[in-house]
Amino acid sequence: MDPLPSRNSQLAQRRADFASVPEMLDYAAQGQTGVSFYNAKGDLLSAIPWREVRERAHVTARKLIGAGFAAGERILITADTWPGFFDSFFGAQYAGLVPVPVSIPVGIGGKDAYLDQLRRQLFASGAVAAVGIDDLAGFLADAAREFPAVRLHGGKGALDALPEKAVDLRPLGPADLSYIQFSSGSTRHPHGVQISQRALMANLAGMTGPAGLDVVPGDRAVSWLPLYHDMGLIGFLMGPLSCQLAIDYLTPRDFARRPMQWLNIISRNRGSISYSPSFGYDLSMRRGAMQVPADLDLSCWRRAGIGGDMIRPEVLHRFADAFEPSGFDRKAFIPSYGMAEVCLAITFSPQGEGVRTDIVDRIALADQQRAVPAADPRDGQRARSFVLCGRVLPGHLLEVRDPDGKLLADREVGRIFIQGPSVMPGYFGEPEATREVLSDDGWLDTGDLGYWLNGEIVVTGRAKDLIIINGRNVWPQDIEWAIEAKRIVKNGDAAAFSIDTGEGERVVVAVLARVSGEEARVALARDVAGAVREAIAVDCDVALVPPTSGLPTTTSGKLSRARTKANYLAGLYTYKPAAA
Amino acid sequence: MPDPGTGEQLLRTAHQLIVENDDIANTLELPRLASRLDVIREICRHLSPYQAGERPIVGATVIAKDLTIDSLAIMDMVMELEDSFDVSIPMNVVAEIHTVDQLADTILDLRAKR
């Protein structure tokens, strides 16, 4: 089996000027490019031209329509990176159904937490079908048991077994949704972002156009990003498809196992566009830099994007240092900023400029919300560097506002708002949650903090309590609930937050230690960390708070995570168990 | 560290197994017949640095909870065990493993089915 070509021999490139996903695939199907799947050893498992993706999707669509699914109904899909995902996702597009891609389980012992998550997603999306890889058929059946509306569930066989009927296709059109993206809200109360066809097309045009990645014929995309994440699904399926590019995939698991395969595939297939959060660059650098293959040639990689979490310039510099001898061009780095509520992208830093930082004074930033250039940029105690994320995409407006809504000038830190054609119509079935972030005149509150610098946005952090670990959004209440659910501490006795270690975020959980004796305190800290690991699959530091002092609360009596964090950073919770 | 199965001192078996890294998995020297003891030993070899206090690692040890191991290290361990014993543990099965015994039995079952 050979990899698919990077260029179409006859078909002229159209760059994201389509009206809907089915239209994009119809056009790409006239060429020879397509999607290829690689395993951890770098073997090509399958190569499917867009033409075949479309044919297979048509078959799936006729099965779904034939089975009586009505236009607009939702189909939950566990979004592993494999051909079956393409069958169901695009099958739904041609059947007029709205796909709901969801994550797959992570880590050992995670079954119960995963089933909970599936149930919440089934509830929030009102899905009528739930399909995925065969390994997860049992979990889907378990989760679907409580939902009589789910008429079909199972692995690949569940869809294959449906009879293909001679029915007309019902492709989703410009006025329809394209899919529902779960990435917002806590896992207990998940919000599904409605990705409309129209907003998606607008965002793709911006992403692939001159203010974005400026895609050209012959570009080739390589990705290990999960397809249940907007950066994976929109950035590295919809984006390349909208320009008829070839895509090479590695599963996120295989990337974690053999991060160098990411770079090997780029080198071997002459990939030119690939993205990762900072931690992916870090992982490949730490695991791979020791044994770089002699023939690794990354000179083809012209758009090395970074997004999905706070961008860590020092990580990227180290990556570039390690792979410059293999032809990596540090000017290829493109720091970007975005979120699912605008489909994916809001800003791209300019092409060919690499990572540019602004080094500011930490104290002025924390105390006056002002990004004042640091007196001594090398003073790690006082200086903090942030990455410039570029200008807003054409046709969109960005504002930085103070808490009273006043527009802020350069170097004044405030909340970032965006308006424009990529902004979501709202969260699925959640008018109240939508109103909290989206105003009547179409301004979206991103929940992020940042400042302007010469027309570019610099993102400094999040206004909300949201914790992002390795590109994963974790809500502090989910962590607290996990501990409380195991009855390790009483309700309200735990507060989770994250601290910036300079290299990444670290979760800290402060709990009231209603136990005495060193052994009991060590056991408590261990149980808390264990419960968090088991339920949320993140690691945490545990701070034990004397019960006499209690956890800080707001004036309305709610737990204040911000004040807990401030106390922690001020050294008020100094006790650390010896063995935890 | 005492062996969780027999109570005898465990011998480190690292010299038999070259674990991890990119592209060299093929050079693994596979134990031809992996006994339950081999598998448990290998698991314990990975877990021993994470022992919490004096509590010994035994078959009933809940990996994510009773030890100080973090989730990335758990992932790494599972991957290395998969490489060492030449098995692939399906994600739904991984999600149901809690204890050392369950992990060992899973690996043995998968090896038996090969």
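Among contacts in chain A between residues at least 6 apart in sequence, what percentage join residues at least 24 apart? The share is 69%, where contact means C-beta atoms, placed from the backbone, within 7 Å. This is a predicted model, in which local features need pLDDT of at least 70, side-chain atom pairs count only at pLDDT 80 or more, and totals for chains, interfaces and linings use all residues. Residues are numbered from 1 along each chain as its sequence is written, with chains lettered from A and ligands numbered from 1 in the order in which they are written.

Chain A holds 17 helices and 26 strands. These are DSSP runs numbered from the N terminus: helices are H or I with at least four residues, strands E with at least two. Of the 580 residues in chain A, 54% are buried, with 20 or more other C-beta atoms within 10 Å of their own. The C-alpha atoms of chain A fill a box of roughly 70 × 55 × 55 Å along the principal axes.

Now take one helix pair. The axes of H1 (residues 21-28) and H2 (residues 50-66) of chain A come within 8 Å and cross at roughly 130 degrees. Axes are lines fitted to C-alpha atoms, for helices over the stretch in contact, and angles run from 0 to 180 degrees between N-to-C directions. A:Leu25, A:Asp26 and A:Ala28 in H1(A) meet A:Trp50, A:Val53 and A:Arg54 in H2(A).

Finally, the chain contact. Chain A gives 28 residues and chain B gives 22. The largest share of chain A's side, five residues, comes from H16(A).

Conventions:
Two residues are in contact if their C-beta atoms, placed from the backbone, lie within 7 Å. A residue is buried if 20 or more other C-beta atoms lie within 10 Å of its own, exposed if 12 or fewer, and partly exposed in between; C-beta atoms are placed from the backbone.
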